[in-house]
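Work through these exercises with the model in view. Try each task before you read its solution.

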Amino acid sequence: MKKWTALLLALIMTLSLCACGSASMDSSQTEAVSAPAEKYSMPRGSNGTAAGLASMDMAASAGESDYGGNNSGEAQSDVPDENPEKIIYSADATVETTEFDDTIDALGALIREYGGWVQSSSINGANYYSISRGASYNRSADYTIRVPSDKFQILMNTISTLGNVPYSYTYTQNVSAQYYDVQSRLTAYRTQEARLLDMMEKAQTVEDTITIEEKLTELQYRIDSLQSSLNNWDRQVNYSTINLNICEVGEYTEQKVVTVSYGQRLWNAFTGSLKAAGRFFKDLLVFLVSALPTLVILTVLFFALRPLYRKLRLRAKARKEARAAAKSAGNKNTDK
């Protein structure tokens, strides 16, 4: 009887040891699985809150390292296939026109037709001096135009209808990598903001509340900065920029490059000098005609004041002779 009792006790002890070992393994596995979740959970008490905020600070630092764009890695450099490319289109162009007012009106019609708007503009008119010399064709205008990106190339191709285009340059900037990098960082920051708000609701002390509010303020500043960058890129991507200069000219700039002989070059130089001389005398005649009223007034004043000038000159001469005679007489008396 004692023998069977000892065997039964030994069997019970063996089963108890096996159960304890299994429970210990289950407990360690449970802790290993739940550890990452506790990283962002709301701890109890001020010490737990400080630990949670420290963990979130480490996560924020890790997020900045992952999404900052400074580290070299395939995850940062590759743009997701499902996201469209973010390309900024811009252009500079110069238009020469002999019909300045009509060109300005035609440009406004084109901008309205393609759904754009004028961001800034300035018009410089001819001054009086230029007009008096016959150079009434030197007006100019500068425009900064914003147009939907899908209409950008169409408008650039249509600019040639406004006049002669001696200069045109289009350039692009692909900001896809920077855009989606900032977007990922913004998503990570918004996730941290939601967790901080949850921690705020569960905070049990004033100290915890103040600490979380400070973290929220700092995080909100980062979120606003990143969102501002995204909004700025969106505006530039959705609406392209065209810087347009319109010049009023008398003749269009020759754009064709033609190989000519030496004799042709001499003939072109001679005819060009004749044209320049003709323009000079035309401008001179315009200047003389414009200055004719002033010249008439000056002529009348000259002849009207000439007798007075002569009288004054004779008086001055007589006084000078009198002084000279008095001086000569004084010298004679001294000699005696």
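Helices here are DSSP runs (H or I) of at least four residues, and strands (E) are runs of at least two; both are numbered from the N terminus. The model is predicted.

**Exercise 1.** Find what follows helix H4: which residue just after H4 takes a positive phi?

*Solution.* Start with the helix. H4 covers residues 100–113, which makes 14 residues. From first C-alpha to last, H4 reaches 20 Å, close to the 20 Å expected at 1.5 Å a residue. Now step past its end. Gly-115 has a positive phi of about 75 degrees.

**Exercise 2.** Explain why the buried residues of H4 line one face of the helix.

*Solution.* Use the cut-off first: buried means under 20% relative accessible area, and exposed means over 50%. List the buried residues: Phe-100, Thr-103, Ile-104, Leu-107, Gly-108, Leu-110 and Ile-111. Look down the axis of H4: these buried residues fall within an arc of 160 degrees, so they line one face. An α-helix has 3.6 residues a turn, so residues three or four places apart point the same way. Check the other side of H4: Asp-105, Arg-112 and Glu-113 are exposed there. Finally, find the cover. Strands S1, S2, S3 and S5 and helix H6 are among what covers the buried residues.

**Exercise 3.** Describe the strand S1: in which sense, parallel or antiparallel, does S1 pair with S4, and in which with S5?

*Solution.* Take S4 (residues 164–174): the pairing with S1 is antiparallel, over nine bridges. Here Glu-96 stands opposite Asn-164. Next take S5: its pairing with S1 is parallel, over eight bridges. Val-95 has Ile-246 of S5 as its bridge partner. Nine of the 11 residues of S1 are buried, so S1 is largely enclosed by the rest of the structure.

Methods
Residues are numbered from 1 along each chain as its sequence is written. This is a predicted model: local features need pLDDT of at least 70, side-chain atom pairs count only at pLDDT 80 or more; totals for chains, interfaces and linings use all residues. Side-chain values use heavy atoms; hydrogens and water are left out. The expected span of a helix is 1.5 Å times one less than its number of residues. Buried means under 20% relative accessible area, exposed over 50%, partly exposed in between (1.4 Å probe, protein chains only). The arc is that of the directions from the helix axis to the C-beta atoms. Contact means heavy atoms within 4.5 Å. Two strands pair if DSSP finds at least two bridges between them.
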